[in-house]
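Please examine the sequence and the structure shown below. The report that follows treats local strand pairings, then sheets, a pocket, single residues and the chain as a whole.

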Amino acid sequence: MFAVTGIICLLGLLGVRSLDHPDTRLSLAWLLVLSGAWSLLTAIQLALQAGPRARATHTAALVVGIATVFAWLGFASAYAGRRYHRHRAVRLTSAVIFLTIIGAKLTNPLHGAYFDMAVTAEPFRHLTPIYYTPHWVVTGFAYTAAGVGFLWLFESFTRKSGTTKSHPLLLYALVIATGLPAVPFALARFVDPLVFINYEPLGVAVFALGVLFYARAEFTQHSSPDHSALADNLSDGGLVLDDADIVIDYNEQAATVLGLEQIPRAPLDEIDAELTALSPGETQRVTRTVAGHTRTYEATRSTAPDALIAEESITLKDVTRATRLEELTGIYQEISEALVNVTDPWEFVQNVPERFESVDAYALVRLSPSNSDQSRTVAGLGITDQEMPDASETAVGTATAYAEWAASAAREDEPVRAATAREHSHEVQTETTDAAWSRRASAHGITACLAVPVCFDEQQQFVLGIYTTDPTGFDEAERQLIEEICRRIPETIESIDAHREALQYKKAIDHAGAAMFITDTEGTIQYVNPAFETLTGYTAEEAVGSNPRILNSGEMSEGHYERLWQTILAGNVFEEQSINETKHGNRYITQQTIAPVTDEDGEPVAFVAIQLDVTDKLLREQRLSVLHRVLRHNLRTSINVIDGHRSLLADRIAEQTGAISPEIQDSLDTISERTAALADHSETARDIEQSLSAEALGTVYVPGEELAAVAEETAREHGGSCTIASDEEVADSQVYSELKQVLTELVENAFVHSDAPPSAVDVRVRLTTAEGRLTMTVEDDGPGISDQELVFLEKGGEDQLHHGSGLGLWLINWLTVSLGGSVTASTDDDGTTINVTVPLQGEARQDVAGTAESPVAGTDG
């Protein structure tokens, strides 16, 4: 019977493989193996002749027999959904008890206190055990422990979903079968042919085989053997809940996250209030301190896949690294958004350490110039001298060590330098020892450090240093993201500056008086300024996206547009007048300039067009040209006619009367004077036209000493003289030739506007230079120029109340202003003073025409 039972138990191992739960499968396999071995050893003991081998076989059977108790407890714990078989302390305690028991059994030959053996002849010759107190104590422990296992199973059956209690009849039958071997053991001394021997292997074997064949069917309806499997299959930490929110299972990760050695079978709200607040299907991030480090977990509460096993489960997925990467991505996005949000980009740069320090794992962040002597921006540790003097000193030492190390990394042009705290301590060359630095790092939980150069073109170079407390340091994705952020910071600063400059240009363009628009290389309008809208009648919404052909009036030839495109596509500026048409059909003449915007290779990427409405200007010039030509021609003709008729009239009167009376002669002389004056005005107008010619103005230079000569000569021509006072620098300078004419008009006016004889007029001329400008001052002691002429001389304009009596003062004003100078005049009781200030040679020409070099003195420009 013992031999057959042992063999059947060993064959039962083939069916164990069909069980799903690994812990249940393993513990039941051991229960079958040990039960089979126990039965076989008992059979061998009975088959052997009484002697030492039979005694040793019985001892082995006792050792295997007590081992079945521990296998059974492991099975009951796993099958009932408990975690005792995995709890380290329980396993160590069980190992100590097991070793103590088998130690007592194996050393029995020495002390003989556990059992003895006697030879029995009936019904066959064999050894009969005689047990002492220690054996019965161990037996009591074994039955008690086995009973605890049964209680676990019964308790798990009573937790069936709903209120209906379970009645596992098969389990009751198997428990009874396990206890039946005590009957023949008790009757063996009184009933033949029963042998007085331990029949427990038979009962344990029956129970093990019964569990094997019926656990998958009958027991599954009453127990929860898959709780542990469900908890183990949960990613990271996992809790299994029943319908009453009681934690019925968990895995080791969950216990670690919750900071418990083991999670009791209790309501969830007694274990963790934050997880209790989760609703089914909800996911929320929670932070927990694990092994002294702050970790972030993604807690998800979901319905269990099999309602027969559990109601709900909670998973705790470690997302600390992912959260950190999200925070770094947020920093990257903030830097990108700074392009439009930040008013002071360098203030943002200085705040970078504080922003990085908001990441939980970063204990210390520093932004240091590559020159370590300069000031640094530090964030982290939260230490002040008043709060923690010793710790503050530690932080300073750590920071000093970092500064040297980071600066070294920057000097070596390493794009990124990462090291563990230990490696860092070897990198740093300071007065502190490696051990001291390591102690400082350990005091703040620092595990690794990272230095990344932050390079600004043609500006100060910085190094961003980050100390982390993460146990694994920096991973590759984290390092690359920090490196990308450090590359992005200088790019953002450059973009902010460019954006500001662009806004300034846009503001200037928006307020420009000229119509401006920008097109792409295909000619599609991308931008128009308000002046464009005013000139053309098209709103920005109507113009943007359209082609400049909307302004085509049909007046320009195809050749005009061909030249335009050939010029700007070649990268050159096109400038030409054209006739355009507004939205409402009005024609206008524009002076149009189109300039290409090129890339680094010189290829056009956009075109900027500027349009000046010159319609009124051209019409005015045409009218003035026609009036000037007609009036000058008619004036000269009329003067000749009048002068001819005056002579004819004088001759006729003389013939008729023989003499011309004084009154008639005065009238004839007045006519001659006025016609001569008109002729002089006509010549002056011609001279002004020639003097103000754009091609000739400011292109011929003469020695400054000629100014004094022309002043003296003009005075002599009018029968007077003038006093000259001139700086030495004037004679050595080259001046505009037009200044000779200006000075001539000034000296002449001094004599002409005086009532005294020319010889009595005191005219003084001073020629001075200062800061590259020439000042000609003409003073006289006469009544000089009238107040109303002084007004128009300084303002350069006439109105109905203020106008000049001649063209000389106009010539002075026009020439001076055209040469880049100014005129001031004043009159008092002592006479009139006129100051003319103009640039010396070449300056006016450069200001007006933008010429890089001045023409050679005395030559035509």
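Strand 13 and strand 14 (residues 525–528) are paired antiparallel over three bridges; strands are DSSP runs of E with at least two residues, helices are runs of H or I with at least four residues, and both are numbered from the N terminus. Two strands count as paired if DSSP finds at least two bridges between them. Within this pair, phenylalanine 517 stands opposite valine 528 in strand 14. The two strands form a hairpin with five residues between them, in which glycine 523 has a positive phi near 90°.

The model is a predicted one: local features need pLDDT of at least 70 and side-chain atom pairs count only at pLDDT 80 or more, whereas totals for chains, interfaces and linings use all residues. Residues are numbered from 1 along each chain as its sequence is written, and side-chain values use heavy atoms, with hydrogens and water left out.

Strand 13 (residues 515–519) is also joined to strand 17 (residues 604–613), by five bridges in an antiparallel arrangement. Here threonine 519 is opposite phenylalanine 607 of strand 17. Strand 17 in turn runs antiparallel to strand 16 (residues 587–598), with nine bridges between them. Glutamine 591 has leucine 612 of strand 17 as its bridge partner. Strands 16 and 17 form a hairpin with five residues between the strands, and glycine 602 in the turn has a positive phi of about 85°.

Five strands form an open sheet in the order 19-21-22-24-23, with mixed pairing. Strand 19 (722–726) and strand 23 (822–828) each have a single partner strand, so one side of each is left without a neighbour in the sheet. Neighbouring strands are turned by 15° against each other on average, direction ignored; axes are lines fitted to C-alpha atoms, for helices over the stretch in contact, and angles run from 0 to 180 degrees between N-to-C directions.

Strand 23 pairs antiparallel with strand 24 (residues 831–839) over seven bridges, and threonine 824 stands opposite asparagine 835 in strand 24. Helix 27 (residues 705–717) packs on the sheet and touches strand 19, strand 21 and strand 22, with its direction at about 175° to that of strand 19; contact means heavy atoms within 4.5 Å. Helix 29 (residues 738–752) lies across strand 21, strand 22 and strand 24, at about 15° to strand 22.

Another open sheet of five strands has the order 4-3-7-6-5 and antiparallel pairing. Its edges are strand 4 (247–250) and strand 5 (283–290), each of which pairs on one side only. Its neighbouring strands are turned by 25° against each other on average, direction ignored.

Strand 5 is joined to strand 6 (residues 293–303) by eight antiparallel bridges. Threonine 287 has threonine 296 in strand 6 as its bridge partner.

**The largest pocket**

The largest pocket holds about 780 Å³ of space. On a 1 Å grid over the protein atoms alone, a pocket is an open set of points where a 1.4 Å probe fits, with protein on both sides within 12 Å along at least five of seven lines; lining residues have an atom within 4 Å of a point. Grid points are joined across faces, edges and corners, and the volume is the space filled by probe spheres set on the points.

Of its 24 lining residues, Phe70, Ala71, Gly74, His85 and Ser94 are the closest to the centre. Helix 3 (22–47), helix 4 (52–79), helix 5 (88–106) and helix 7 (133–158) each give two or more residues to the lining. The largest share, seven residues, comes from helix 5.

**Individual residues**

Leucine 815 lies in helix 31 (residues 808–818) and counts as buried because its relative accessibility is 0%; buried means under 20% relative accessible area, exposed over 50% and partly exposed in between, with a 1.4 Å probe and protein chains only. Valine 463, in strand 12 (residues 462–468), is also buried, at 2%.

Glutamate 771 is in the loop between strand 21 (763–770) and strand 22 (773–780). Glutamate 771 is exposed at 81% relative accessibility and has a positive phi of about 55°, although it is not a glycine.

**The chain as a whole**

The chain contains 32 helices and 24 strands. Of its 861 residues, 41% are buried.
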